[in-house]
Amino acid sequence: MTVVGRTWDRLTIPGKILAVVIPLGAALTAGLAILIAVVGGAVVQFLADNLPLVRFVVAATIVLLMTIPSAFLIIYMEMKVIALMNLRYGPDRVGPFGSALSVVHGLKVLMKEDFTPTGADVPVFTMAPVVVYMSSVLSLLVLPFAPGLFGQDFNIGLLYFFAMGGLTVVGLLMAGWSSFNKYSLLGGLRSAAQIVSYEIPLTLSVVGVILLAGTMSLNQIVLGQAGSLFDWYLWRQPLAFVVFFIAVTAEANRTPFDLTEADSEIVAGFATEYSGMRFGFFFFAEYVNVFIASGLTVALFLGGWNAPFNWPWPVTVGLDPGGLGIGLLLLLAIGPPLAIVVLGLPFYLLNSRIRFWQALVIGFVLFNVVAVGAVLGLAFLSFDWVVGLLWFMGKTYAFVFTFVWMRGTLPRVRIDQLMGFAWKWLLPAALLNLFVTALAILVLKR
Amino acid sequence: MDRALRRRLEARFGKVLTGPVRQRHDETEIRIGAGDVPEVLLALHDEPDFRFGLLSDLAGVDTGTSMQTVYHLWSDSSGDWLRVIADGLSRDDPRVPSVTFLWKGAEWMEREAYDMFGITFEGNRDLRRIYMPPDYASFPLRKDFFLADDASRSPAGGVRHMEQTHGPTNAEAGARIRQAPAS
Amino acid sequence: MTTTRTPFDIPAHASSDDPRVTLDEQLGVFEPIPPYPPRTEREAEFYTLRDGEMFVNMGPQHPSTHGVLRVVLKIDGEKVVDLDPVLGYLHRGVEKLCENADYHQAICYMDPLEYISSLFCEWSPVMAFEKLLDVQVPRRAEYIRVLSGELNRIASHALFMGWFALDLGGLTPILWSFIERDEIVEMLAALTGQRMLFNYFRIGGVNGDLNHEFMSRLGAWMSKATAHIDSNQALLNENEIFVRRARGLGVIDTATALQMCMTGPNLRATGVPFDIRRAHPYSIYPELDFDIPSRTEGDCLARYLLRMDEVRQSLRIIDQCLHQMPDGPVMAKLPRLIRPRPGRAYAAIEGPRGQYATYAISDGTDQPYRMRIHDPSFIHLQSVGLLTPGNLIADTMAIMASLDPIMGGVDK
Amino acid sequence: MSLIPGLGIVRGMALTLRRFFQPKVTHLYPELPAEISPKFRGRLQLLYDEHGTLKCETCFQCAQACPIECIDMGGVDTKGRYAVHWGASETYGERREESALRRAGRTVPDVAYEHWSPIDLGPVDAILHEADHDPSRLLEILGATQAAYGYLPVAALKRISFGTGAWYAMIYGTATYYDHLRFEPPARLAGSDKAATPALGSGRQRLEVDYLAGLEQAIGSGSKGPAGRVR
């Protein structure tokens with residue numbers, strides 16, 4: 001038994017882990033440093049040369065990551081809002097007001113067994129949720145969240161959007177066909193019929209907006225609605241708004257048009273045979289679709305990130321931290337401890353049961369709250385994308401609430417009524433809107 | 001009790017009745033042979049004197065010696081339930097004409113009677129088992145069908161009260177069947 | 001060719017996760033076609049597919065078959081060509097059990113038949129046994145029976161509204177109607193001692209007199225019942241989507257309804273005001289003042305609205321019962337062990353789904369010789385096969401829900 | 001349906017929004033226990049008299065009257081010898097484990113009932129036939145059975161119950177009432193080859209009797225018994 005062996009035996013388990021991890025980490029860091037020193041310049045140069053690619057990858061990653069919390073939020077909203085409308089409390093156990101329940105649902109779905117039914121077309125069956133989810137995520141790329149905050153500003157943004165939205169139906173059809181189940185097949189066929197039919201009034205109703213804005217870039221369309229409440233396209237295109245809202249509800253498979261997964265008729269439609277995270281992808285995609293539908297309605301008709309009234313943005317804050325010089329360093333060094341003590345002292349003085357270190361902890365927490373609030377407030381005042389994002393999210397979630405509200409109220413339509421409504425009412429209305437808009441533009445511009 | 005209905009029934013169906021018309025509480029009971037069922041029920045359904053338009057119930061009965069089918073009818077011409085008993089079906093091959101030509105809704109009730117008693121309703125176009133599985137071989141509501149009771153076989157279980165109705169185990173098979181009352 | 005498993009292939013300790021245990025069978029495709037030659041003309045006709053048709057097996061586990069009903073649908077695209085309900089998944093053989101139980105015990109088997117309206121299931125056998133025994137039920141007991149029965153009718157109809165909306169895709173009404181039902185059920189629990197399977201009616205009376213808790217709960221509920229029920233219906237009655245789906249769907253005319261032996265609201269929705277409470281009066285109904293609502297359309301919407309009208313009439317009856325309630329005993333004097341004279345008795349009552357009837361034969365012992373239970377759900381369910389062909393898959397559920405069958409009663 | 005299309009939908013939406021803000025009706029169950037009315041019959045409880053002793057006499061009347069056989073009773077007879085039961089065998093506390101094992105497909109040695117399962121029931125049938133399956137001649141039947149077997153095997157009692165239609169509880173009660181009827185073979189008391197059967201909780205007395213008998217035999221007739229059997 002050598003010295004090394006004896007020392008190893010004396011180590012506790014965390015010690016053993018650290019004893020392995022620290023040298024490994026050191027070696028990796030050194031290796032990376034050498035690698036960067038050797039090829040770093042070339043890589044940076046390559047990335048600088050292909051900035052759009054970098055931007056795309058970063059945007060796609062951020063959007064992909066963003067879908068998950070937003071889907072959680074919408075799932076929670078759906079559970080809670082419908083519960084409150086049903087005169088129950090809904091989720092109220094996990095997290096504040098039960099808000100963590102959707103996260104727990106997500107974890108549950110992750111942990112469930114993911115099985116493939118006998119007789120399924122395995123590659124198609126496996127790919128279908130990916131296609132559905134990716135089409136939703138890719139649509140998000142062109143959605144303008146705030147001034148300067150969007151994945152890509154295509155000049156054909158709207159067209160891209162509808163193309164990606166149309167990809168969903170391929171995924172649903174794949175799921176329906178490959179599941180080897182008649183309910184799935186019926187659900188897939190229903191979704192194909194429904195989404196293809198509603199694509200047409202959906203696209204036609206937007207043409208009026210395109211004519212008004214003169215562009216298909218979503219960013220430009222939002223910019224065209226800058227100003228007050230009355231500059232929004234909602235007032236100039238009311239019929240288009242109604243048609244668009246109904247059609248987008250059908251596109252997102254929401255009540256009263258949720259025939260593809262009508263649980264009282266065809267069990268769960270295309271998702272009948274899915275379980276585990278594959279079902280989770282469908283589930284998430286549905287709620288991401290709700291977000292997209294709301295966001296698109298907001299961007300096209302409700303002014304996107306624009307505030308509903310003229311607000312003197314941005315407020316210039318005359319603060320120049322650089323002017324303090326060495327004083328900034330001193331402030332950063334002395335300020336926080338001082339603030340912690342100052343904030344904690346009243347608790348220590350006024351309550352005899354609190355010890356000094358407890359008062360310090362309270363002071364620390366309070367200081368953090370104050371500091372974060374100050375930073376956010378500063379950001380809110382100085383960066384217009386923050387306030388734009390807040391306006392956009394506020395409007396979008398108001399629409400999400402409407403979708404959930406409709407789900408809590410309305411029964412489901414029948415497939416022939418659904419198709420008849422699309423072809424007999426929505427399509428003529430969209431065409432009428434298109435012609436009237438074109439005529440008005442011709443008459444007024446001349 | 002509706003005496004007028006009794007007189008009308010006796011006058012109209014005097015020939016086909018196999019027993020006296022009985023009345024008790026708000027029920028009037030006639031008994032006919034199995035072959036007369038379509039004719040009698042058609043007359044009861046159509047003739048303006050009777051107008052028994054509603055087939056209230058259709059049941060099979062195993063009396064221990066023979067089979068019966070029992071029809072309960074309602075009419076606005078009388079305050080009584082009319083009970084028509086088609087009597088004297090053989091237990092080995094009970095056959096009776098179907099009444100689905102009058103009441104299509106009797107189809108499932110006849111299927112049930114077939115399933116439970118093995119009574120064949122001639123003319124019912126969908127006479128198969130309705131409750132029991134299709135490969136089931138027995139007719140559960142017959143009186144010679146005893147409940148399988150594993151409590152009697154397991155040494156641990158108590159003897160259940162249900163077994164009291166069965167006779168001694170070594171009595172002959174015929175003696176174990178409960179007989180219907182004579183009425 | 002299925003491979004046969006030998007016990008030597010599998011170790012004794014193999015768990016059910018072992019693929020050798022579970023996946024040794026040939027990969028099978030479930031087809032709803034029965035694996036034997038057709039026995040009847042109708043079965044042969046149904047299980048023959050023409051071009052473009054396919055079978056869809058719905059149930060016994062399906063969200064909207066109201067229990068464990070299995071329906072084999074023959075569909076052409078979305079259109080239902082024909083359907084074949086397969087029963088028996090909940091068959092308990094209640095009639096046979098009753099023949100082996102004494103008269104008091106037999107009533108206990110009645111509650112789980114139609115678990116939504118248990119009191120009505122008890123009522124008809126109790127009446128039949130009273131006829132066999134020639135017992136006069138005390139008037140207070142009759143009033144209590146009518147009072148609790150009408151409460152149960154309201155609970156059943158409230159739940160019908162929720163189910164009908166749920167089968168049409170509405171999420172909310174079922175929960176609202178469960179709130180109504182829960183209040184009534186709590187009330188009846190205070191009266192009878194149970195929430196669902198009341199087992200309250202006895203031969204010759206009821207199990208207990210009215211008590212303070214029941215009356216206070218009833219008073220609190222009656223003060224707001226009308227407003228609540230109207231408010232709940234407002235969600236559906238005026239909703240365009242709901243009305244468009246239910247109107248003109250599953251139309252049945254009077255003659256066909258009588259041919260199909262329909263009773264109750266489903267018959268009244270075709271224009272016949274046939275209600276056993278008036279057509280063949282029993283209990284104290286002749287003394288009460290109420291209307292028999294009827295509608296002439298005979299479609300799903302008429303069946304729905306008719307039930308909602310009946311709720312209002314039931315409220316009227318409850319009000320009268322409370323005002324006219326006499327004093328006195330609630331049980332007739334009867335021996336513990338009942339041995340009726342040999343004879344036959346038939347009793348029918350009007351329940352929330354139609355006619356509940358019992359045909360009892362006594363042979364002089366303490367057990368019924370034969371006890372036939374007639375259940376309206378069973379009768380009405382067979383009309384689905386008549387009404388549905390030609391409609392869409394979604395309409396199958398709407399029609400089935402509008403006929404309001406309960407599988408516990410269908411399968412006995 | 002209103003005249004203006006869509007108005008019904010809007011009114012329905014307004015109704016749900018109103019309900020959104022109304023007080024909720026859910027019972028917050030674990031925090032607030034449900035109110036159960038005093039008339040509630042859903043709980044089975046045994047009543048106590050004013051001295052604080054159980055009123056239940058294990059007469060099995062409730063169990064035999066229960067049509068769906070949900071009442072499961074167990075008790076010890078007055079001499080403390082036998083655990084008597086009414087109900088499905090799976091529900092017995094003592095046998096629950098074995099039942100689970102049996103369902104799992106392994107054979108379980110049925111130690112508690114070993115001593116009466118293999119008897120031949122022919123004599124009982126003969127006796128019953130002789131007594132015309134008449135429950136009123138129960139004492140005669142029981143006496144004859146005891147004469148035939150030397151004691152009253154439980155299987156024979158069950159057969160008598162089955163044959164005469166008398167309840168098992170009745171027969172068992174009769175058999176325990178009379179001193180001349182016994183449930184154990186007299187040979188066992190003299191220390192047969194069958195050693196002390198592992199019995200149920202109430203069989204403790206029987207174990208002691210077996211032990212004393214074995215001891216007596218070992219002392220009285222030399223060490224004839226199997227070695228190690230009695231320690």
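This is a predicted model: local features need pLDDT of at least 70, side-chain atom pairs count only at pLDDT 80 or more; totals for chains, interfaces and linings use all residues.
## How helices 5 and 6 of chain A cross

Let's start with a crossing: helix 5 of chain A passes helix 6 of chain A in a left-handed way. Left-handed here says that the near helix is turned anticlockwise from the far one by less than a right angle, while clockwise would be right-handed. Residues are numbered from 1 along each chain as its sequence is written, and chains are lettered from A and ligands numbered from 1 in the order in which they are written.

Two packed helices are described by the angle between their axes and the distance between the axes. Helix 5 (residues 122-140) and helix 6 of chain A pack at about 160 degrees, with axes 8 Å apart. The axes are lines fitted to C-alpha atoms over the stretch in contact, and angles run from 0 to 180 degrees between N-to-C directions.

Which residues make the contact? Among them are Val124(A), Phe125(A) and Met127(A) of helix 5, and Phe161(A), Met164(A) and Gly165(A) of helix 6. Being in contact takes C-beta atoms, placed from the backbone, within 7 Å. By class, this contact of helix 5 with helix 6 of chain A has 15 nonpolar, seven polar and no charged residues. Ala, Val, Leu, Ile, Met, Phe, Trp, Tyr, Cys and Pro count as nonpolar, Asp, Glu, Lys and Arg as charged, and the others, Gly among them, as polar.

## Chain A as a whole

Chain A has 16 helices and zero strands, and its C-alpha trace spans about 80 × 65 × 60 Å along the principal axes. Of its 446 residues, 39% are buried (20 or more other C-beta atoms within 10 Å; 12 or fewer is exposed, and in between is partly exposed, with C-beta atoms placed from the backbone).

The domain assignment gives chain A domain 1 (54-313 + 385-445) and domain 2 (329-382). The centres of these two domains, taken over C-alpha atoms, are 43 Å apart.

Most residues other than glycine have a negative phi, and most peptide bonds are trans. Phe180(A), though, has a positive phi near 60 degrees; Phe180(A) sits in the loop between helix 6 (157-178) and helix 7 (182-213) of chain A. Is Phe180(A) buried or partly exposed? Phe180(A) counts as partly exposed, with 16 C-beta neighbours inside 10 Å.

Asn253(A) also has a positive phi, about 60 degrees, and it lies in the loop between helix 10 and helix 11 of chain A. Asn253(A) is buried, with 26 other C-beta atoms within 10 Å. Pro256(A) is in the loop between helix 10 (238-251) and helix 11 (263-266) of chain A, and a cis peptide bond joins Thr255(A) to Pro256(A), with omega about 5 degrees.

## Chain B and its partner

Chain B has four helices and seven strands. On the side facing its neighbour, 38 residues of chain B are in contact with 41 residues of chain C. Strand 3 of chain B gives the largest share of that side, six residues.

Methods. Two residues are in contact if their C-beta atoms, placed from the backbone, lie within 7 Å. Helices (H or I, at least four residues) and strands (E, at least two) are DSSP runs, numbered from the N terminus. Domain bounds come from an automatic or database domain assignment.
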